[in-house]
Every structure is written in C-alpha cells, then in structure tokens.
Number of protein chains: 2
Amino acid sequence: MTTYRIVQRKRDGQELAPDELAHFLHAYAEGRIGDDQMAAFLMAVFFRGLSPAELATMVDVMLHSGAVVDLTDVAGIKVDKHSTGGVGDKVSLVLAPLVASLGVPVPMMSGRALGHSGGTVDKLESIPGFRTDLSLDEYCRQMERIGCALIAQTDQIAPLDRRLYALRDATATVESVPLIASSIMSKKLAEGIDALVLDVKVGNGAFIPEPTRAEQLARTMIEIGERYGKTVVALLTAMDRPLGIAAGNALEVEEAILALRGGGPTDLRAITLALAAEMLVLGGAAPSLEAGRSAAAAALDDGRALEKMREIIEAQGGDARVLDDTTLLPRAPVRRPVSAKESGIIQAMDVRAIGAAAVELGAGRGALRAGIDSAVGFHIPAKPGHRVQAGDVIATVFARNDAGARRAGEAVCGAITIGETIESEPLPLVLRRITPA
Amino acid sequence: MTTYRIVQRKRDGQELAPDELAHFLHAYAEGRIGDDQMAAFLMAVFFRGLSPAELATMVDVMLHSGAVVDLTDVAGIKVDKHSTGGVGDKVSLVLAPLVASLGVPVPMMSGRALGHSGGTVDKLESIPGFRTDLSLDEYCRQMERIGCALIAQTDQIAPLDRRLYALRDATATVESVPLIASSIMSKKLAEGIDALVLDVKVGNGAFIPEPTRAEQLARTMIEIGERYGKTVVALLTAMDRPLGIAAGNALEVEEAILALRGGGPTDLRAITLALAAEMLVLGGAAPSLEAGRSAAAAALDDGRALEKMREIIEAQGGDARVLDDTTLLPRAPVRRPVSAKESGIIQAMDVRAIGAAAVELGAGRGALRAGIDSAVGFHIPAKPGHRVQAGDVIATVFARNDAGARRAGEAVCGAITIGETIESEPLPLVLRRITPA
C-alpha cells in the first residue's frame, strides 16, 4: 500500500493494519516520506484518533526507534513520575529526591519548556553547573550509585518521537489524546521503569483541559503500560491556577528547595505528597497510601529528601550550595509589583495567558527562540477564591528590564479576573485517582 | 497571529478573518512556512471546510498569485468548459472546436492526467507536433485569430494553486469540495473567461462520487463565479462507467475525431451536445438550449467542427493530417482481447480500477512516473446493463508488451461485474442541471 493510501485511509476513518502503520512510520524515520505527508497524517489522527491496535503499533515503533535502557542492575522497583505539564509545576524537583531518599529508585528523563508550559530540564539547568546531558552510560551508573538521576531525553531515546514531537509542535497537532499518550509512553518505556505515576493536569492551563478527556488520556496511558507489563497509576490534578507561587526557572528551583526543607506553598507540598505516596506503594516501600504519605512527609521534614537532592546535584556537576543559599541562583535585575485594579474575589486565572507572559519574558521558548532566561518569571501568591482590595499586590514580576516587566505585569493583571462573587468553585487539588481496571 | 495559531483555529472549526488566511497563504507562497504547516492546514480544511468568506479569500489569493489574462481584444463572450475528471472523458477535444466553429470564443487551459483520471493536455500531445505550451502572448494572439486555443496551464497562471495542488496530491487532501472548487475557479478566472460550463462527474469514477456533494461542489463554483461577475452553469453527468469506448491518450483522440466527423459513441456525442448547447446560450450564439443543440449537431455533421479543429492543430504546430488518417497517431504494438468469463448482465463497472489499470499500462501518471505513453489504453465497448455471453469480447487492451497486456486485461475483467439481474440502474447520462439562483 502506498503511503498516500495510508494517509487517505486514516483520513477516512479506516483502521490501518499494524504492518501498514509500521511501514508508514519507518518510511518517515528513514526519510522516504516527508514532513508534508506526516503532517497530514497527524492532522487526520487528530480528527480520527487511533484504534487500540494502531496505538500499540505507534508506541512500539517509536520505542524501538532508539535505545531501550536496561536498569536490571539497579536493585529495587524503578518508579518514575510524569506530568502532562502546566505553569509552576516544579513537583519533579521535590518528588524525585524525596522518593529516592526512601529507597525507591527514580529514573527520570524530562522534557524542556514547551508552548506555555515550563520544563524540568530547563529548571534544573538554572542550578549553576548542573548537567542534564548525561550519557546513557553515566545515567545507568548514577542510578546504580545513588538511585536517582534527573536528565534530558537523550538523542538515543525514542528519536522518532522527538521528530514527530517537533512536527506536531509546528503543525497544531499536539492536543490529541493518542498522540500525547504514545509520545509520553514511548519515552517512559525506554528509560527503564518498572512502574509509573502520571500527574495528568486538568483545567485551562492544561494541554487537555477537560476532565473527561484527561481521564481518557490517563486510561490510554495505563493501557499502554499494561501491554508492556508496567503498572501505571494516574492522578488528575488542578491546573486552573499555577501550582505553587513561583513560575520561571530559577524561581521555581528556589520554591522547590523550600519544599525540600519541609516548607514552601501548601499546594506544592500536598501534590508532592500525594504523588510520593503512589510511588512508594508501587515501589514496595510503603504498605498503603497513608503510610507512604506519612513517610514522605517525614523525609521532607527531617532533611532526608534535601540530602538526596544534594547527592544528585553533586553527581551531575551542579553547585549544591544553592540548597543552603538560594541567592546563588540567577536573579533578574528588575522586580515589579502588580497591584489589583479593583476589590473583590478572584474568580478565575487564565493560566495559559500567564504561561504565555512568562514565555514572553524569556522564561520559555517562542518558536524562534534558541535559549531561555533562567532568572525571569513571576511570584503569584493570588489564587482563585482569594479576596483582594484594590491596590493589593497580587503578583511580582522578575524581569530583565522595565519595559518587559511592565508588559508582563499587565499580562498577569489581565489574566486574573476579579469579581463580586465566586462564579464557580476552583478545582480540587486532586480531582480523581485512576488505576488499572 | 502566528501561522501555528491559524492552523490551530482552522483545526478547531473557528473562522479565519480574511487578512489572517491571506497572511497564511502569502507566507506559504513566499516560503516563510513549509509544506508541513500547509499540509496540516489542508487536512484541517478537509475536515472543517471553508466558510464563504474564507473560500473567497482562498480563490482571490490563488488567482492573484500569477497573471490574469485580459481577452477583451477578442470579440464575443468567451466561454470555457471544465470537467472534474474521469476515465474516457475526451469531450473537450470535440467541444472546444465545435463551439468555436459556431462563433463563440473558447479559451481553454487544461490539466494533465491526475490519479486515475486522464488529462486533456496529455491527450492533445499524442497528436504529432502539437504544442500545448504556448506562451500567454501566443495564447492571446491565437484567441484573437481563430477563437480557440487548447493549452496547458502555464507557470504564470495561479502558481500558488499549482503548488497547493501538488501538495494535496501527496497528502490525500484532494477530495475536498472547497479545495477543489477554489483550485478550479482560480485557474479558470485567470484564463480570461466571461462564462463557464462545468461538467461535474458523479459515480464511482468521479473524485466526488456522491450526487449530493457533487451538487454542493457545483453550487460552490457557481457562487465563486458570481462574485467575479462570471455566469457559471453546471451539468452533473455520469461517471459510473467510462465515457465513450476509448480510454488512453491517442485512442481517445481517435475517438474524438470520429465524433468531430459526426460519428463516435452515442454517449460522447450526447454529452458534447448538451454542454455545447449551454455554451452557445451563454455565448449569445443560440436563443435556447434546444436551438443550441440543433446548431451544434449540424456543425458536427457538416464538418465545421472538424475544420475548426484543423485550424487549431495547425496553429499549435500539430500534424492536422491525423484528422483524415488516424493511423498517424501513436499505436501500441500489442493488442489483447478481453473475454467475459461468464454469461449475464453487466451490473457495474469499477471506473477507478479501470483508470488505475490504464495508469499501470503507462497511460497516466504514477507518483514517480515522469512521462506517459500516448499509445496504450483500452477499448471497452461494454456498458452497465449490457447482456453478454461467456467468451464475448468485452474489451481490448493496447499495450507495449504481452505481460502488461495480460495484467491490464485481468484488471479490466475484474473491474466489470457480471450477474444475473440488474441490481441498480446505471446513472442517466445527465443527472441534473444547476444554474445560479
């Protein structure tokens, strides 16, 4: 069958046989068809979806397009966490060392900032000297030695997914449940996990805002995991407001350090503990979620999680003194407070707009921006449901210059709706827990 | 607005403002965005359609991407005909000289073979010496001198449409009503017409097989014409069987010559007369369709149409002796009869399969085939409803070699379904006539 016919059949809602789809994906991987046919195919998938068998083929071809890491030499059940992304989501920076400090190995390959959302790798790189580009060999050795590594997806891991991801990012085909699920799972299956906890974001700052479709995404990933013998559990969590107070790379590292010291914003701590409890149970380190949560809270409060983070930073060439002195992190020269223009109750926050304003400041990636600025971002202590007076400071902008700070301040102000009454309740921090059937 | 957002909004079914869509199309024309974004956009249009305003912008940008011919120096109302394409459709070769012989100027730029369908330009080029690549200047002068020119779409006419067409042909986004309508009309508006008759094919050999959607296509083109002050009339005609008997370039020229001499297959003559009547009325050369039909029949029967074709062939450098001696046309060395395998009534013909078999023989273009073979093709006198005996010759293959002839014979045999009863009536030759509201 020609690749044209394959696009046409997907367009017309017909199911592709495994060898047809695999042929198409290999043809793209090997350069025998171009971005044009693949872009049309991806858009057809956006509208038509993928059958379970097509999804399985997609994951399999992407997974085996590169190396599949073998961590059997690392003792214990390896458990990772993946978040579908949002604004202010610095959970990985707290969670990975926390869970590893309790004896469960955490092999974590993360992504970079994408669209309006931040990326763990960019955040880590705001720690002076921190290397996220370990080789697969260094990654395996560090996992054996200290039970945790925080690295970027290497070129060897699911290279076909990397190419498809870049193409989707250019062609408005990101927000598709089967494409998101297959992309995430092909990477995670390649990194050597035994089990996975998913933090699936819901609300206006999430790539899939609707809880129903987010649940569908979670179930799709759980089913992919099952086919490979990996247990996957998902929490649906709130992204109708930024997580925590800080948004921006170094600002988020600072906030994560506060949490690793047993402090930090309550929502950040709560979500970290909920995810940690799942990972500890999956990793065989806690008999119940309740026990896992207590153990994790203790490890935050008595410094064990912080010490594990110190080991990780030192192992990856970073300056671990930032854990004791956060002024060693990059700082933006301009700080500008943002005041409420009226009195009332915060009704809603446009999280995508806040994320876009952070990108505009330099904290994320525009289509043509090569690098990012670690130092810039926001503190936004305001949350939906808070009562404010006109003139109250509802946010602080950290910027390179006054003009950027003013623009960003206005954007944040415009993204926060203040009214007389609460129109709709903010989402609960954890909406739902989804487990294999 | 970024080009990404434009794709995204079309994907999500939002209407694009004229300047947004124009910006996107210009960005593609100027190479600022690639085939990947445009392919994704075209697939989104396949699913979401275009609003009337979006369609108008699409036509306008494609039309003005190149030269718009001015034929005001040619006396009379210039009327062209366009067919949406099928197998055995050699009507233009008869119709253009016929209508021109009755004093209505016919400026005709045609396409080449595409997919399973043939192309007028390829057919004309099987006449030794015939040049279809006239410059726009030569085209205008010939129109002034003899009132008809049969040429290929030049690089100067709607070049953006040419690029988009090639991209659609690679990405399975051909079969979209607004994309077909805007592509045809941007080219036709550029060639200098005052009015246009559309032959919109219906049935399994048409690009849009369903009469309802074909009518929608016709109405869409009629509305585009109205916006530019051009009257457009459409006939929906049958393509549930090949038109006439011959399929293949030189074979079809031969059959067209028979029709120009007043003979040829009855269905070819009937459709030609129906379309000629429309063109003569639009061109002010006949007071009614009935009068137009009579005048056209007379011009076929008394040789005026044939003599106009002689003028055209001579003007374009071709060997006009083919009109008197069709053995001067290319002939394939191998002829192979195809016999019915069983007795019964012909229930259906898979026209696409017949067209694909002709492409396979070399009469059309596969994705990688550079040239075509003028000499090969079929004679298929069989039609749905005919009663045949096992062993009756139902077709003849004209091929380069025995192996090709055998394969093609089997393909044609497989494309003709013989059964005991008539399961469904063949389509009437002309299903419907559609005029401006």
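These legends walk through several close-up views of a predicted model.

Some ground rules first. Residues are numbered from 1 along each chain as its sequence is written, chains are lettered from A and ligands numbered from 1 in the order in which they are written, and side-chain values use heavy atoms, with hydrogens and water left out. As the model is predicted, local features need pLDDT of at least 70 and side-chain atom pairs count only at pLDDT 80 or more, while totals for chains, interfaces and linings use all residues.

**View 1. Chain A laid on chain B.** A turn of 180° and a shift of 0.0 Å along the axis put chain A on chain B with an RMSD of 0.0 Å. That means the two copies are related as by a two-fold rotation axis.

**View 2. A four-stranded sheet in chain A.** Here is an open sheet of 4 strands in the order 1-4-5-13, with mixed pairing. Strand 1 (79-83) and strand 13 (430-434) of chain A sit at the edges with a single partner strand each, so one side of each has no neighbour in the sheet. Direction ignored, neighbouring strands of this sheet are turned by 15° against each other on average. Strand 4 (residues 195-202) and strand 5 of chain A pair in the parallel sense over 8 bridges; A:Val200, for one, has A:Leu236 as its bridge partner. Helix 12 (residues 266-282) of chain A packs on the sheet, touching strands 1, 4, 5 and 13, and its direction makes about 155° with that of strand 4. Helices (H or I, at least four residues) and strands (E, at least two) are DSSP runs numbered from the N terminus, and two strands pair if DSSP finds at least two bridges between them. Axes are lines fitted to C-alpha atoms, for helices over the stretch in contact, and angles run from 0 to 180 degrees between N-to-C directions.

**View 3. Zooming in on A:Thr231.** This residue belongs to strand 5 (residues 231-238) of chain A. A:Thr231 is partly exposed, with a relative accessible area of 36% (buried is under 20%, exposed over 50%, partly exposed in between, using a 1.4 Å probe and protein chains only). Not counting residues up to four places away in sequence, A:Thr231 touches A:Asp194, A:Ala195, A:Leu196, A:Leu282 and A:Pro436, where contact means heavy atoms within 4.5 Å.

**View 4. Helix 11 of chain A.** In helix 11 (residues 249-260), the end C-alpha atoms are 16 Å apart, which agrees with the 16 Å that its 12 residues should span at 1.5 Å a residue. That expected span is 1.5 Å times one less than the number of residues. 11 of the 12 residues are buried, so helix 11 is largely enclosed by the rest of the structure. Among the buried ones are A:Asn249, A:Glu252 and A:Leu260. Just after the helix, A:Gly262 takes a positive phi of about 95°.

**View 5. Strand 8 of chain A and its partners.** 5 of the 6 residues of strand 8 (residues 344-349) are buried, so this strand is largely enclosed by the rest of the structure. Strand 8 runs antiparallel to strand 10 (residues 387-388) of chain A, joined by 2 bridges, with A:Gly344 opposite A:Val388. Strand 8 also pairs with strand 12 (residues 416-419) of chain A, in the antiparallel sense over 4 bridges. There, A:Ala348 has A:Thr417 as its bridge partner.

Conventions
Copies are superposed by least squares on the C-alpha atoms of residues with pLDDT of at least 70 in both.
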